[in-house]
Every structure is written in C-alpha cells, then in structure tokens.
Amino acid sequence: MTTSNHYEIDTVCVQAHEFPAALIDLACSRGVDSNRLLRGTGIFLDDFLRGELTLRPEQCFALVANIRKLLPAAETAFLAGARLYPGNFGPASSALQSSGNLLQALNVLVQYQAILSPLLSPRLEWHCDDLCIYWHDACGAGEHVAFLTDMMITALVSTSKILAGRSLAWQFYLPGEPAHREQYEVHWGRSIYPHSHQYRMQISRSELAHHWPGAAPSVGHIASSQCERRLQQLPSLGFISHFDQYLRHQLPDNPSLETAASEFCISPATLKRKLKKHHTSFQQRFDLVRKEQALLWLTREQLPLAEVATRLHFHDARNLRRAFKRWTGVIPSQLTPAITPAR
C-alpha cells in the first residue's frame, strides 16, 4: 500500500516568499505591473509582501503562465532560474549553501524538493561513473514543464558554480532541438545534446566529491534537522511524482489502472479524476515511464529490442517499435547517435 504523504495541484503547500518570489521579483525588475502579473492567480501583493502567504501549485502555474505571457523573451526562464537559489527558503537554503560538495547539495535538493522544487521533481540515477539528474512533473505542470525545466536546470547550474567557486563540467540532454540554442549555451555551456527525448543533466563522479570552500557541516546539520521538522507537517512529494514512482517500481508487473487504484486505496474512477485534475491520465503516465525505461535499456545497456519488448510486456519487438515511434517520433535504431555523445 502506498503512503499518502503527497501534495496535489490544489493543496496549500508552497510558501509564496520561497519559490514564487523569484518569479515575482524577476517580473517586477523588468517593469511588469504587479496587478497584471498577479491577475487570475489569487495572489495579492500585500499578502505576498507580509511573507506569510502559502499557495496552491495551481496558483504557481497561473503565475508562470502570466510571466510567460508578459515576458515572452527566450531568456526569461534562465533569468528566473539564476535568481532561485540559494534564495529565501529558510533552513533549506542554509542546508544548500553549507553543502560540502556537489553530491551533498544534490541530496539536499532531492530530499527537500517539496520546499526547494515544489513544481518539478528531481531524480538522481547512477550510470557507471556518471550521475544523472532527471526532471519530472511533480503535480500537474502540463504545458509549463519545458519552461520550468529550463528554470530549474539553470538554478542548479548557477548555484553549483557559486558554491564550488568555478564552472562544473555538466552535460545536458534535451528532448528536441532548442529554439534558442544561444540562450542555453550562455547559461549552461556548450555541452548540450538535443534529440535525447527527455530532460537530463549529467556529471562525472570525479566532480561530485570536490570540497567546496563554503562547507559548514554544523550549519548544514542544524538546517537539515529544521527541514525535517517542517516536512513532518507537510507533504513531501507531488502527486504526479508519487504516482510515477509507483509505476517505475511496479513496471515489471505491468500495472493497470485498477491495480494502481487499489494500491492508492481509491476507486479507479477516483484515480482517473485525480489524474485528470493534474492534466494527465494513467496511459500518459504509464507511457512516459515505459519510454524512460526503454531509453535506458536501449541506449545505455544496449539491450536487444526483443528483450526490451519482453521486459516492457509488449507482444513482440514490432509492437514496441511502433509504440516507441509514437512516444518519441523516431524508431529505436535511430537513438544511439543522438543519445551517446563522444567523450
């Protein structure tokens, strides 16, 4: 049985002076009228400035929609990301700033993602001597996933550069060809690999343990304890992240809507409504998780297509090939040149 320690798109859980503040401050610094910026969000500037306002994720998405409309420039997501960390996240900011190295900082980001990254969920995964960071929808970001991913990757690149005192050798993988590649290169660097069919950051193990000059173990320990106490009172993971985790874990058993509903202790109809509320469906989540796993097995482990088809419960390789083309726009044999860069 799964736990219910998750927040949904309409859960009051996001402190306005934390994540949303970076967006609001950016817009105001660019001369955007606050009334236009906050229109339709249910956020009032006086409440925001008092520093005690807590929002629903759907209000944050409305704020993102307004910013994308009022500041349509290609650089907006990158500028917002550069403002995000360490930021005004209280103990979570202190835990991030006092990290002794990149690996510690990444663990802080993942452990306290409900505070530091409430709209997108970072996921860490090792591959040989590289650590990969994947970014996933946490609670119904829908059309804003690309904007938020650009923002969050920029935030991590920017803050790791500040805390390390130097630029790190990140590699970046994008689903398709970026419309404004120059913005990515300015803010991330030149190691950008398009047509990878997912968002991924990657860095070698050798970069992870380098000591950072601002390391403060005692401060970090105290800050982490404070974060843990806060998370005892708040949900720690978005519903979509929680549901996708379930699907990844149950993938070998080929889960259905009915079995998922049973695990979440709700009816299939209720699960359908919850997923629809988050702008998605069971089939979309299931296909996304299967696509992720297929990419891993085909491009990294280089398993035969027939074996991947069997593992993903397809009738044969031809059915998987057809599904993969629907998921990504390409057939599996076209993956390797786009996914695996020369070292």
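**View 1. The exposed face of helix 18.** On the side of helix 18 turned away from its buried face lie the exposed residues Arg318 and Arg326. The model shown here and in the following views is predicted. Helix 18 comprises the twelve residues 317-328. From its first C-alpha to its last, the helix reaches 16 Å, close to the 16 Å expected at 1.5 Å a residue.

**View 2. The buried face of helix 18.** The buried residues of this helix are Ala317, Leu320, Ala323, Phe324, Trp327 and Thr328. Seen down the axis of helix 18, the buried residues fall within an arc of 125°, so they line one face of the helix. An α-helix has 3.6 residues a turn, so residues three or four places apart point the same way.

View 3. The N-terminal end is capped by Asp316, which places a side-chain oxygen 3.2 Å from the backbone nitrogen of Arg318. Just after the helix, Gly329 adopts a positive phi of about 90°.

**View 4. The nonpolar cores.** The largest nonpolar core contains 77 residues, of which Leu148 and Trp170 touch the most other members. Helix 9, formed by residues 145-164, gives the most to this core, with ten residues. A second, separate core of 33 residues includes Leu271, Leu295, Leu303 and Leu312. In soluble globular proteins, nonpolar side chains tend to be buried together.

Methods:
Residues are numbered from 1 along each chain as its sequence is written. This is a predicted model: local features need pLDDT of at least 70, side-chain atom pairs count only at pLDDT 80 or more; totals for chains, interfaces and linings use all residues. Side-chain values use heavy atoms; hydrogens and water are left out. A nonpolar core is a set of buried Ala, Val, Leu, Ile, Met, Phe, Trp, Tyr and Cys residues joined through side-chain atoms within 4.5 Å. Buried means under 20% relative accessible area, exposed over 50%, partly exposed in between (1.4 Å probe, protein chains only). Helices (H or I, at least four residues) and strands (E, at least two) are DSSP runs, numbered from the N terminus. The expected span of a helix is 1.5 Å times one less than its number of residues. The arc is that of the directions from the helix axis to the C-beta atoms. A polar contact is a pair of N or O atoms within 3.5 Å; within protein, one must be able to donate a hydrogen and the other to accept it, and residues adjacent in sequence count only if both atoms are side-chain atoms.
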